Amino acid sequence: MATSRIENGDSNVVGKMENGDRIILNFNKAMDTTHMGTEFNIQALDGDPTMVAIDSTSSGQIAWVRTDGKHYTTGANINFTGSTGVWSDNNKTLTITLTNSDGTSATGLTADTLTLFMFGGARGADGIDGIWYESITTDSPSSF
Ligand SMILES: [Ca+2]
């Protein structure tokens, strides 16, 4: 998932985590999109840095994204339930758009690297599930 990133949504506030922002996960192989589905519950865990948990409503926990050096929450977790994911034609890229925020993000956060942790709910088209706590840090900084 080396080129994975977080992204500010169209007409949204740069450096604030909010509805319409996106999480883009690039896998290094085609994934089982039927197993993983297209609906995701996203939770930004209150802490410094912010850890973002990505759960599929059909296959369970697929990844955590650590926003290295950045603290998006302001004293409580923020949930984005029922967020919609769109798969690329080759089933290697999943773009999730955040919806239904129940909290308030900090603002003015600058881009930084992400560290990605794969979980068992991420299944390849080859039938192999993600390896618990396999991690990789991105090269390119990004922000919500
Ligand atoms: Ca934003």
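Two strands are taken to pair if DSSP finds at least two bridges between them, and the strands themselves are DSSP runs of E, at least two residues long, numbered from the N terminus. With these terms in hand, the bridge partner of glutamine 43 is alanine 53 in strand 4. The structure discussed here is a predicted model, in which local features need pLDDT of at least 70 and side-chain atom pairs count only at pLDDT 80 or more, while totals for chains, interfaces and linings use all residues. Residues are numbered from 1 along each chain as its sequence is written.

Strands of a sheet pair through backbone hydrogen bonds, either parallel or antiparallel.

On one side, strand 3 pairs with strand 4 in the antiparallel sense over 6 bridges. Strand 4 is in turn joined to strand 5 by 6 bridges, again antiparallel, and these two strands form a hairpin with 3 residues between them. Within this pair, isoleucine 54 stands opposite alanine 63 of strand 5. Strand 5 then runs antiparallel to strand 8, with 5 bridges between them; here threonine 67 has leucine 114 of strand 8 as its bridge partner.

Attention now turns to the core. A nonpolar core is a set of buried Ala, Val, Leu, Ile, Met, Phe, Trp, Tyr and Cys residues joined through C-beta atoms within 7 Å. A residue is buried if 20 or more other C-beta atoms lie within 10 Å of its own, exposed if 12 or fewer, and partly exposed in between, with C-beta atoms placed from the backbone. The largest such core has 28 residues, and those with the most contacts inside it are Ile23, Ile42, Ile54, Ala63, Val65 and Ala122. Among the elements giving two or more residues to this core are strand 2 (22–26), strand 3 (39–45) and strand 8 (114–118). Strand 8 gives the most, with 4 residues. Two residues are in contact if their C-beta atoms lie within 7 Å; leaving aside neighbours within four places in sequence, isoleucine 23 is in contact with Ile6, Ile42, Ile54, Val65 and Ile96.

Two further residues complete the picture. Glutamate 134 lies in strand 9 and counts as partly exposed because it has 13 C-beta neighbours inside 10 Å. Its C-alpha atom is separated by 9.6 Å from that of alanine 63, 71 residues apart along the chain. Glycine 20, in the loop between strand 1 and strand 2, is partly exposed, with 15 other C-beta atoms within 10 Å. Not counting residues up to four places away in sequence, glycine 20 touches Gly9, Asp10, Asn12, Thr97 and Leu98.
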